[in-house]
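Here is a short report on how two protein chains meet. Please keep the structure open while you read.

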Amino acid sequence: MLDLTNITKVFYPGTVNEKTALDNVNLHVNKGDIVCVIGSNGSGKSTLFNLISGTYPVTNGKIIFDQIDVTSTPEYRRAMSIGRIFQDPTKGTAANMSIEDNMNTAMTKGMKGLRISLNNERRALFKELLKPIGLENRLKDNVGLLSGGQRQALTLLMTVISKPKMLLLDEHTAALDPRNAQIVMNLTERFIKEYQLTALMVTHNMQFAIDFGNRLVMMDEGNIILDLEGEQKSKLTVDELVRRFKNLRKKTFDNDEGLLTRD
Amino acid sequence: MLEGIFVDGLIFSIMVIGILISFRILDIPDLTCDGSVATGAAVATMAIVSGLPIFVALLLAFLSGVIAGMVTAAIHNELKVPGLLAGILTMTMLYSINLRVLGNKANVPLLRVETLYSKLPETFKFLPAEWASLVGTLLVVLLVKELIDIFFRTDLGVSLGAMGGNEQMVISLGSNPKVLKLIGLGLSNGLIALSGGLLAQYQGFADANLGTGMVVQGLAAIMLGEFLFSTNRISLLTLRAIFGAIIYKGLMFFGRKYGYLIHITPNDFKLLTGILVIASLFIAQTRSAASSAGAKKKAIARSLEKHEGDKEAKGNA
Ligand SMILES: Nc1ncnc2c1ncn2[C@@H]1O[C@H](COP(=O)(O)OP(=O)(O)OP(=O)(O)O)[C@@H](O)[C@H]1O
Ligand SMILES: [Mg+2]
């Protein structure tokens, strides 16, 4: 479904600030894969997502999505089939608009026309869809009134109903308190199953990365240093993961800085 | 006499709705306005002088504004310059263009030709002339308001509003923000130019300097309106803009009439308008500071609670 070939990203090339964020990365994601991406701060996880979704152009390499070369396709076009959720809950919704307008914008993905597609039938549907996140009676409320957790849950729902083929989740629960993070994560799991999505998810929680999904990718200094699947992954333990990292990199996790938590 | 304030205010309100679209809905501080209002006046005037029907003249004025707005959007989109600078560039270029449109004259009168405001008293014969102008202008404004209200309820209109609130979201949902900005700024300046076209007919001439300071006046009107009531519904936003425009023109009228009592002359109006905007900003800021102080208190309370919870959890472990 997604094929990254020799992807390199260099920021500010040729200046003193030159920074290689991704160094010749290759990744193949199959349809239905649920990939957890881990790695310490600055290892290039967000950059990888930015390149897949088209926020930044690649410095070198090729991105094939669904058999189509999208390397130079603008972000808004790729967004038609790649749904993305950011860490910041304010990024996925428009605070100045009502929940129903936000939902409707997601429902009519793509360039909009002069139709008024928000009708009572749609509202009834939205009410139904909003039940799992407990917002079914707040269709007319401005999104700005919602809490971070509610907003992120709404973003997730909106992204899902916009029917992407692939979901990119970049620490989408990191800005939430533990309880809300749990709620949003449960929803994520539920929606991925319900809508049979392919997903890439960045997390800093190693145990979670081991338990969730069918694949685990570890990044370090702009490289993918570990890519485990199925059996190999499910048998993994946190200690084993740390040991393999040390062997591969001949260095230790800087646990405070690295923000990699064990559970 | 008082009818005059209302006609003036209603014509002005179309421009204020245009500024509402750029500044408030799209969240782009667009200064093209100072140029495009004069372009609208110039285009409408020259069209009427050359014998075109009034309706066509107004349509051409609207279209000239659409083009001006699109030029600003294109500069902003393609050269990645801030909207503010893009608007200033277009506005400055328009000054020369407006003089060209007016045949290299700074001022072209609409004498001895039929204009909307010579026709209206004929159409509404049963009304006094001033009232006929008022009724006619009101009908135009209501029509424009209705069309804008409908437009911003369509999927396209809603996504313009969404872009103003959060550009990333619009991109993530598959719309091209460049196209949305072309449409939004085009519409905004189209209305502004339409307002200029009406104004030229009402005052009986087009003037290349007509637009100086218009954005600030429009902002003042929007802010005056915002004191009336708060809303996020488009029909009430446009209504508020219309009220604000009329109130602003009313204030200016009384300033002109009674200002001499406190030694204020029309020369001081731009200063006073600026001060009005600053005062409105100040009041709005104090208001939001007050509400965010409340929010801050709550946040601190929440975090204290959480710390207590954490301590307990540690104690249990
Ligand atoms: N827009 C940018 N301009 C310049 N450098 C950047 C930019 N974005 C990322 N980088 C650099 O690229 C490297 C990888 O950053 P990236 O954000 O991808 O890391 P990450 O793995 O997502 O880290 P974190 O866990 O902190 O989110 C970092 O050194 C960062 O400074
Ligand atoms: Mg990151």
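## The A–B interface

Between chain A and chain B the count of salt bridges is zero, a salt bridge being a side-chain nitrogen of Lys or Arg within 4 Å of a carboxyl oxygen of Asp or Glu. The model is predicted: local features need pLDDT of at least 70, side-chain atom pairs count only at pLDDT 80 or more, and totals for chains, interfaces and linings use all residues. Residues are numbered from 1 along each chain as its sequence is written, chains are lettered from A in the order in which they are written, and side-chain values use heavy atoms, without hydrogens or water.

Polar contacts do occur. The rule finds 13 residue pairs across the interface, both residues at pLDDT 80 or more. Such a contact is a pair of N or O atoms within 3.5 Å; within protein, one must be able to donate a hydrogen and the other to accept it, and residues adjacent in sequence count only if both atoms are side-chain atoms.

Contact means heavy atoms within 4.5 Å.

| Chain | Residues in the contact |
|---|---|
| chain A | 31 residues |
| chain B | 26 residues |

The predictor gives the complex an ipTM of 0.88 and a pTM of 0.88.
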